Amino acid sequence: MSLFDRYVMVDWSAHSTPKRGRDSIWIASGTSRGRVDLVNPPTRHEAVALLTDLVLANAKERVLIGFDFSFGYPAGFAEAVLGVGAGWSEVWAMLHERIADGATNTNNRFEVAAHLNASLDGTGPFWGHPGRSAPVARHRPAPGRLAEFRLTEQRVIDDGHRPFSSWQLAYPGSVGSQMLLGIARVEGLRRDPRLVDRCRVWPFETGFGTKRIGGEPGSVVLAEMWPSMFPITSVESVRDAAQVDSMVRLLRAVDRSGELAAWLTPSLSSEERRVALAEEGWTLGVR
């Protein structure tokens, strides 16, 4: 029996102006069989509105929504910037409060990153800025007290993949800006009064395994994914569109086969599990 009724994959973007087409936001959605629908909203504001409407319009469906940015930072970040006992939820709340992301994609992500750097050692860990007036270092600073990668990224590096660091905010392949803006927006999505009782973040709020996944009609699970780990099977001409289309088709296939349950249950030591659930999170599909 499948865990979900609908699968959604979001290719995020950190553009500061509205954009469609290549290197913009693409959202794919499909049920257990049939066609996959693609939309290309030009702004993050419109993307969140579309996701909200999609969930509300399918109120009885069990929905899995994947986002292509990390949901957590390397261990130690939360306590370093927010104090003893802080974890993923405090980081999400802080970014939701500090990130200003307008309806036309104007945002203050570099300024927020600079403020976070100042609360640490002043020079890092966030880096990468293409403009002349750079609030953060243009190039990677010397290694600091925080690791460059999380446990889940170390796992994919060991498997031969090349993820980018959460700290890198600019230049080709960077994911740090998408992460700052993405976490702030997803926190807003899950706080929506119409969705707050339905949304759970994997694995932070669900744990690993399938015990608290799916089941309830109308449940929504939010998870991070990295589409580049998987082959593109779609015929869509825009790579971003092809990736999200391929991921929806893959998710429903592995759910039908039972393999999705294994994706939700990675092989972790007790300490790795503690770190992932408290702060770092995990990438769905990394075993």
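Is Glu 187 buried or exposed? At 4% relative accessibility, Glu 187 counts as buried, where buried means under 20% relative accessible area, exposed over 50% and partly exposed in between, for a 1.4 Å probe and protein chains only. The legends below concern a predicted model, in which local features need pLDDT of at least 70 and side-chain atom pairs count only at pLDDT 80 or more, while totals for chains, interfaces and linings use all residues. Residues are numbered from 1 along each chain as its sequence is written, and side-chain values use heavy atoms, with hydrogens and water left out.

**View 1. Strand β1 and its buried side chains.** Strand β1 covers residues 6-11, and six of its six residues are buried; helices (H or I, at least four residues) and strands (E, at least two) are DSSP runs, numbered from the N terminus. In a regular strand the side chains alternate between the two faces of the sheet. In β1, Arg 6, Val 8 and Val 10 point one way, Tyr 7, Met 9 and Asp 11 point the other way, and all are buried.

**View 2. The strands that pair with β1.** Two strands pair if DSSP finds at least two bridges between them. Strand β2 (residues 26-31) runs antiparallel to β1 and is joined to it by six bridges, with Val 8 opposite Ser 29 and Val 10 opposite Ile 27. Strand β4 (residues 63-67) pairs with β1 in the parallel sense over five bridges, and here Met 9 stands opposite Gly 66.

**View 3. The surroundings of Arg 6.** Arg 6 has its place in strand β1 and is buried, with a relative accessible area of 12%. The side chain of Arg 6 makes a polar contact of 2.9 Å with the side chain of Ser 29, and another polar contact, of 3.4 Å, with the side chain of Asn 58. A polar contact is a pair of N or O atoms within 3.5 Å; within protein, one must be able to donate a hydrogen and the other to accept it, and residues adjacent in sequence count only if both atoms are side-chain atoms. Not counting residues up to four places away in sequence, Arg 6 touches several residues, among them Gly 30, Thr 31, Leu 54, Glu 61, Arg 62 and Val 63, contact meaning heavy atoms within 4.5 Å.

**View 4. The salt bridge between Asp 5 and Arg 62.** Asp 5 forms a salt bridge with Arg 62, the closest N and O atoms being 2.9 Å apart. This pair links distant parts of the chain, for Asp 5 lies in the segment before β1 and Arg 62 in the loop between α1 (44-57) and β4, 57 residues apart. Asp 5 counts as partly exposed at 26% relative accessibility, whereas Arg 62 is buried, with a relative accessible area of 10%. A salt bridge is a side-chain nitrogen of Lys or Arg within 4 Å of a carboxyl oxygen of Asp or Glu, and a search of the whole structure finds 17 salt bridges.

View 5. Of the 16 residues of α6, 14 are buried. Glu 187 and Arg 191 both lie in this helix, four residues apart, about one turn of the helix, and they form a salt bridge whose closest N and O atoms are 2.8 Å apart. Arg 191 is partly exposed, with a relative accessible area of 42%. Glu 187, Arg 190, Arg 191 and Glu 205 are linked in a network of salt bridges.

View 6. Arg 249 and Asp 245 both lie in helix α7 (residues 239-257), four residues apart, about one turn of the helix, and their side chains meet in a salt bridge of 2.8 Å, N to O. Asp 245 is buried, with a relative accessible area of 5%, whereas Arg 249 is partly exposed, with a relative accessible area of 35%.
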